Amino acid sequence: MFTDLDPVFLARVQFTFTVAFHILFPAFTIGLASWLAVVEWRLLRTGDKIYEEVYRMWVKIFAVTFGLGVVSGIVLSFQFGTNWSVFSDKTGNVLGPLLGYEVLTAFFLEASFLGIMLFGWDRVSRKMHFAATVIVAFGTLLSAFWILSANSWMQTPQGYEIAENGIFFPTDWMKIIFNPSFPYRLVHMVTAAYLTTAFVVGGIGAYYLRRKLHVRHARVMLGMAMIMAIFVAPAQILFGDFHGLNSFEYQPAKVAAIEGLWETRQGAPMVLFAWPDQEAETNRYAIEIPNLSSLILTHDWNGEVRGLKEWPADERPPVAVVFWAFRIMVGLGVLMALTGLFAIVLFLRKKLFDTPWFQYWCMALTPAGFLAVVAGWFVTEVGRQPYVVTGLLRTAESASPVAANQIVPSLAAFILVYLFIFGAGTYYILRLIAKGPQIEDEVFGAHGVDKPPIFTDMASEKGGDHV
Amino acid sequence: MFNFESFLNLPLIWYGLIATAIILYVILDGFGLGTGILFPFAPTDQCRDRMMNSIAPVWDSNETWLVLGGGGLFAAFPLAYAILMPALYIPIIIMLLGMIFRGVSFEFRFKAHGRSRKLWDLTFHVGSLTAALMQGMIIGAYVQGFSVDGRSFAGGAFDWLNAYSVMTGVAVVCGYTLLGATWLVMKTDGATQEWARRCAAYVMWYVAAFMGVVSISMPMMNPDIRSLWFDYPNVLMLMPVPLLTACLFFVLWFDLRKKREYRPFFLSIGIFLLGYLGIGISLWPWLVPFAISVRDAAAAPTSQSLLLVGIAILLPVMLGYIGYCYYVFRGKTSHEPFY
């Protein structure tokens, strides 16, 4: 059964599916943990109950997302071995310690203090609870540091030597960890995670405002999200550009696929839209802007950009996937930056919180970050093909000696189970959103409430003391 | 580049560290999985809420020990990782799927009501049971050895599946149930505790019987293991292992009758440690029995050195804050919802 299917192709599909599914959750929790830390810091500074209510609502959503991230992450830590055992054997000396450090420095930190963050509200002091939130946020960032270092090494390897049997041996750890593409990828990905969270939080805030629900909480959510959209979304376009220039230097074939350029030329055009045809080695239906690619990549109107035909056909990545994934990512990035621009204008006109079209706009962009992150990973991972370690180890030669009739059932099982738990997770998150922040009724005379609020406020406003 | 190879036996240290990570996983997630196995048999829903609450704050960090075991194996013994994972492809995938269901049940169950809550009760139980059974079957397959050619697994997809591995699978299910039951004796009171105590007293006999069968069958299957345990003078040096195990069982039986609350859990841990030690002694020096030794599978000395620095600094810190988190949630667990 299934013996005529290519096991390497199946292993690729299984890895793509499980890793793309997994990245959705860290992309959200990295940003959400940091944002919750900021919210709790505001709570401690101002003592305003509104921040506590916002925190308590979002920490439940955080818990569901984090749980899904943990279980889908455990799968990945085994899949390097189950499906890519040759890769594990050959690169283990280099990548193993990086992943080991991720577990030691980040995973335990996150998982342990998550318990206090979720369940410790009444068991530890306010400051200790805040510390737990900050530690979890720090843990998510450390985790990103190590895993992106490992991935970047696969993109731009250095600091190694290769033995006769093809095994990689480390020669310089600093060069391995801080390899050429790592700083760019780290900044780009962490920023992407922050923006993903900002647009989810902002979208939910906009939804509440539109429905006139939880208005005070919604203003906190939308307001804080728009601060990110105004300042961080444009910066992200800049970070992405730096990352692209780094790829142009170290992985020119990837950039050629991104740009959809087949011929090496000076004054290369920017291809806005096209259908790249891998067989015919050309673009169909291309719409181009002359010289723009050269200008962006070389900062010279007539600079040389190498085309895909520089490489033999079996060393080119699948062009259409990379080309289109890149355009989806950039398109979404532009929409996010536009959101920031709109937000500034509306803020200056004092209409940020009550402009209906802008509320619909923010609601529509709620999933934008997720789509952009997944598209971005398709660009960088598919763009590295046919290699798993750029120029050194081919993906096709990295697979486990596991037959197709084992992978087909496991792939089917992963798809079914993931869709089921993803559906359930989405359902519970939507229910938490529908329920909204829970307001604890402050009773006059209860702890911390020393005056009947309405009457005294009215009184002080009028300046009299007739109450 | 630093390298401790000249004055440290790196493969041996790493074997010890990974063995420690795995036994910590077995004990810590063991009581969690055991709680899941016992879940549907609890007398009331309130009882189940308590059981869930007792492990909810700690299950995450407990499962991280498994990631450390897997990740550590990849880092320190990549060859063993590259052979064992394809060899155990099917049971590992099934175990992971079980753990997915179990892991999501915590969060989903807290948020569900009525019928859907029953669904997450079920996934919690079936997920825990499946993961425990597969872990036991993996141990069963492991002690029987793997067929290896060069640097890769050369056997069939179902080499891991036979009567012996099924037996060890059931044995681990019973063992985890004992850990879970004694954990609940410690963390609960009243009716839940009474029920957990009865479960522990019952399943204890199965654990003892299975440990006896494994202890007798492993030397019978392999002449090297037989001579290791029964040749003079080894027999004198190793005899304390089974004798101490028997003592622990007796004290456990006594404590459960005397309604002690804390000691049964630690006695169960002791029984697990001794069983694990016995298997470790029997299989030394193999990392992939009986084909690749600890030394042959070792990663480059510089790789093992780099991560050893991290372990030496971070492990005490980790144990410290993990201990603190257990301390925060000390005492008897209530059935009231958290948050």
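Predicted model: local features only at pLDDT ≥ 70, side-chain atom pairs only at ≥ 80, totals over all residues.
Residues are numbered from 1 along each chain as its sequence is written, while chains are lettered from A and ligands numbered from 1 in the order in which they are written. Local features need pLDDT of at least 70 and side-chain atom pairs count only at pLDDT 80 or more, but totals for chains, interfaces and linings use all residues.

**View 1. Chain A as a whole.**
Welcome to chain A, which has 14 helices and 8 strands; here helices (H or I, at least four residues) and strands (E, at least two) are DSSP runs, numbered from the N terminus. Its C-alpha atoms fill a box of roughly 90 × 50 × 45 Å along the principal axes. Of the 467 residues, 49% count as buried. A residue is buried if 20 or more other C-beta atoms lie within 10 Å of its own, exposed if 12 or fewer, and partly exposed in between, with C-beta atoms placed from the backbone. Among the contacts in chain A with a separation of 6 or more, 74% come from residues 24 or more positions apart. Two residues are in contact if their C-beta atoms, placed from the backbone, lie within 7 Å.

**View 2. Helices H4 and H6 of chain A.**
Look here for H4(A) (residues 126-155) and H6(A) (residues 182-211), which pack at an angle of about 135° with their axes 9 Å apart. Axes are lines fitted to C-alpha atoms, for helices over the stretch in contact, and angles run from 0 to 180 degrees between N-to-C directions. The two helices, H4(A) and H6(A), are therefore oblique to each other; angles under 35 degrees count as roughly parallel, over 145 as roughly antiparallel, 65 to 115 as roughly perpendicular and the rest as oblique. Residues making the contact include A:Leu141, A:Phe145 and A:Leu148 of H4(A), together with A:Phe182, A:Arg185 and A:Met189 of H6(A). By class, this contact has 8 nonpolar, 3 polar and 1 charged residues. Ala, Val, Leu, Ile, Met, Phe, Trp, Tyr, Cys and Pro count as nonpolar, Asp, Glu, Lys and Arg as charged, and the others, Gly among them, as polar.

**View 3. Helix H13 of chain A and its partner H2.**
H2(A) (residues 49-83) and H13(A) pack at an angle of about 175°, with their axes 10 Å apart. That makes H2(A) roughly antiparallel to H13(A). Among the residues in this contact are A:Ile61 and A:Val64 of H2(A), and A:Tyr428 and A:Ile429 of H13(A). The contact has 8 nonpolar, 1 polar and 1 charged residues. H13(A) spans residues 404-435 and also holds A:Ala413. With 14 C-beta neighbours inside 10 Å, A:Ala413 counts as partly exposed. A:Ala413 and A:Thr18 are 395 residues apart in sequence, yet 11 Å apart in space, C-alpha to C-alpha.

Chain B comes to 14 helices and 4 strands, and its C-alpha atoms fill a box of roughly 55 × 45 × 40 Å along the principal axes. Of its 339 residues, 55% count as buried. Helix H2(B) (residues 45-55) is mostly covered, with 8 of its 11 residues buried. B:Cys47, B:Arg48 and B:Met51 are among the buried residues of H2(B). Those buried residues pack against H1, H3, H5, H6, H7 and H8 of chain B.

**View 4. Helices H3 and H14 of chain B.**
H3(B) and H14(B) pack at an angle of about 175°, with their axes 13 Å apart. H3(B) and H14(B) are therefore roughly antiparallel to each other. The contact includes B:Ser61 and B:Ala75 of H3(B), along with B:Leu307 and B:Ile322 of H14(B). Its residues divide into 5 nonpolar, 3 polar and no charged.

**View 5. Where chain B meets chain A.**
Here 58 residues of chain B are in contact with 59 residues of chain A. On the chain B side, H3, H4, H5, S2 and H14 each supply at least two residues. The largest share of that side, 14 residues, comes from H5(B). The residues of the chain B side divide into 43 nonpolar, 10 polar and 5 charged.
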